[in-house]
There are 2 protein chains.
Amino acid sequence: MSGERLSNAELDDLLETLEGWEKVEGREAIQKTFVFADFVDAFGWMSKVALTAEKMDHHPEWYNVYKTVEVVLTTHDADGVTGKDAELAKAMDRMAQR
Amino acid sequence: MSGERLSNAELDDLLETLEGWEKVEGREAIQKTFVFADFVDAFGWMSKVALTAEKMDHHPEWYNVYKTVEVVLTTHDADGVTGKDAELAKAMDRMAQR
C-alpha cells in the first residue's frame, strides 16, 4: 500500500471500511481501543502485531494496561494517515478476531 | 515482596536504590522511560517483561512508540506503590541491561 498521505475524503472512506477506528482529535492519526480477555491475550496479540509491524517497517503507538491496548496509527514521514496505516489497522483487526 | 503500600519515606528510599525511576506527578506511582536501539530491541524487552509480569500477576502500564517505552508502575489494589512495583521495576532494569 501507498505511503502517501490520504486526503480527508479518502480517510473518511477508509474509516467506513474499518470497524471501530476513528480519527484522533487534533492530529492526523487514527485510533482504536482493543479489549481482550486478559493480559496474556492482550500481549499475545501485541506480539503478533509486532512481528507484522516490523516486517512492514511501520510501527504503532500503543498503550497497554492489563487487557486493554489503545492504538494510534499515523505515518510520521507523511505527516498523516497513509495506506500503510490502513494496512496495519486491518492486520490488527484480523489478528484480534482469531 | 509485600503488596502493602509504601510510606513516603519508604518510597523515597526505594527510588534512591533504583536507576532512573521517579514519582509520577499527581499519582501514587513510579515511572521510567526506557530507550532501546530500535523496535526489535524495545519489543524484545517488553516480551521478557511480560512473561515476568504475568508470573508475578502484576502488570505495568506502558506506552511504546518505536524504540521508546514509557512505563508506569503502581499497585491498584493498594492504591499506591508497593514491594511488587519495586520488584517489577528491578526486573525491568535487569532485563534492559542485558
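Contact here means heavy atoms within 4.5 Å. The legends below describe close-up views of a predicted model.

**View 1. The interface between chain B and chain A.** On the contact criterion, 15 residues of chain B touch 15 residues of chain A. The two chains bury about 1500 Å² between them, and 71% of this area lies on carbon and sulfur atoms. On the chain B side, the greatest losses of area to chain A fall on B:F39, B:F43 and B:W62, which together supply 35% of what that side buries. Four residue pairs, both members at pLDDT 80 or more, are in polar contact between chain B and chain A. The elements contributing two or more residues to the chain B side are α2 (39-56) and β3 of chain B. Of these, α2(B) provides the largest share, seven residues. Classified by residue type, the chain B side holds ten nonpolar, three polar and two charged residues. Zero salt bridges are found across this interface.

**View 2. Strand pairing between the chains.** Strand β3 (residues 61-65) of chain A pairs with β3(B) in the antiparallel sense, over five bridges. Within this pairing, A:N64 has B:W62 in β3(B) as its bridge partner. B:W62 is also among the chain B residues that lose the most area to chain A.

**View 3. The salt bridge of A:K23 and A:D12.** Over all chains, the whole structure contains eight salt bridges. One of them joins the side chains of A:K23 and A:D12, with an N to O distance of 2.9 Å. The pair links distant parts of chain A, since A:K23 belongs to strand β1 (residues 22-23) and A:D12 to helix α1 (residues 8-17), eleven residues apart. A:K23 is partly exposed at a relative accessible area of 40%, and A:D12 is likewise partly exposed at 34%.

**View 4. The salt bridge of B:R5 and B:E28.** The closest N and O atoms of B:R5 and B:E28 are 2.7 Å apart in this salt bridge. B:R5 lies in the segment before α1 (8-17) of chain B, whereas B:E28 lies in the loop between β1 (22-23) and β2 (30-35), 23 residues apart. Relative accessible area is 39% for B:R5, which is partly exposed, and 35% for B:E28, also partly exposed.

**View 5. The salt bridge of B:E61 and B:R27.** The side chains of B:E61 and B:R27 meet at 2.9 Å, N to O. This pair connects strand β3 (residues 61-65) of chain B, which holds B:E61, with the loop between β1 and β2, which holds B:R27, 34 residues apart. B:E61 is buried, because its relative accessible area is 6% and the cut-off for buried is under 20%. B:R27, at 37% relative accessibility, is partly exposed.

Note on methods
Residues are numbered from 1 along each chain as its sequence is written. Chains are lettered from A and ligands numbered from 1 in the order in which they are written. This is a predicted model: local features need pLDDT of at least 70, side-chain atom pairs count only at pLDDT 80 or more; totals for chains, interfaces and linings use all residues. Side-chain values use heavy atoms; hydrogens and water are left out. A salt bridge is a side-chain nitrogen of Lys or Arg within 4 Å of a carboxyl oxygen of Asp or Glu. Helices (H or I, at least four residues) and strands (E, at least two) are DSSP runs, numbered from the N terminus. Buried means under 20% relative accessible area, exposed over 50%, partly exposed in between (1.4 Å probe, protein chains only). Buried area is the accessible area (1.4 Å probe) that two parts lose on being put together, summed over both. A polar contact is a pair of N or O atoms within 3.5 Å; within protein, one must be able to donate a hydrogen and the other to accept it, and residues adjacent in sequence count only if both atoms are side-chain atoms. Ala, Val, Leu, Ile, Met, Phe, Trp, Tyr, Cys and Pro count as nonpolar, Asp, Glu, Lys and Arg as charged, and the others, Gly among them, as polar. Two strands pair if DSSP finds at least two bridges between them.
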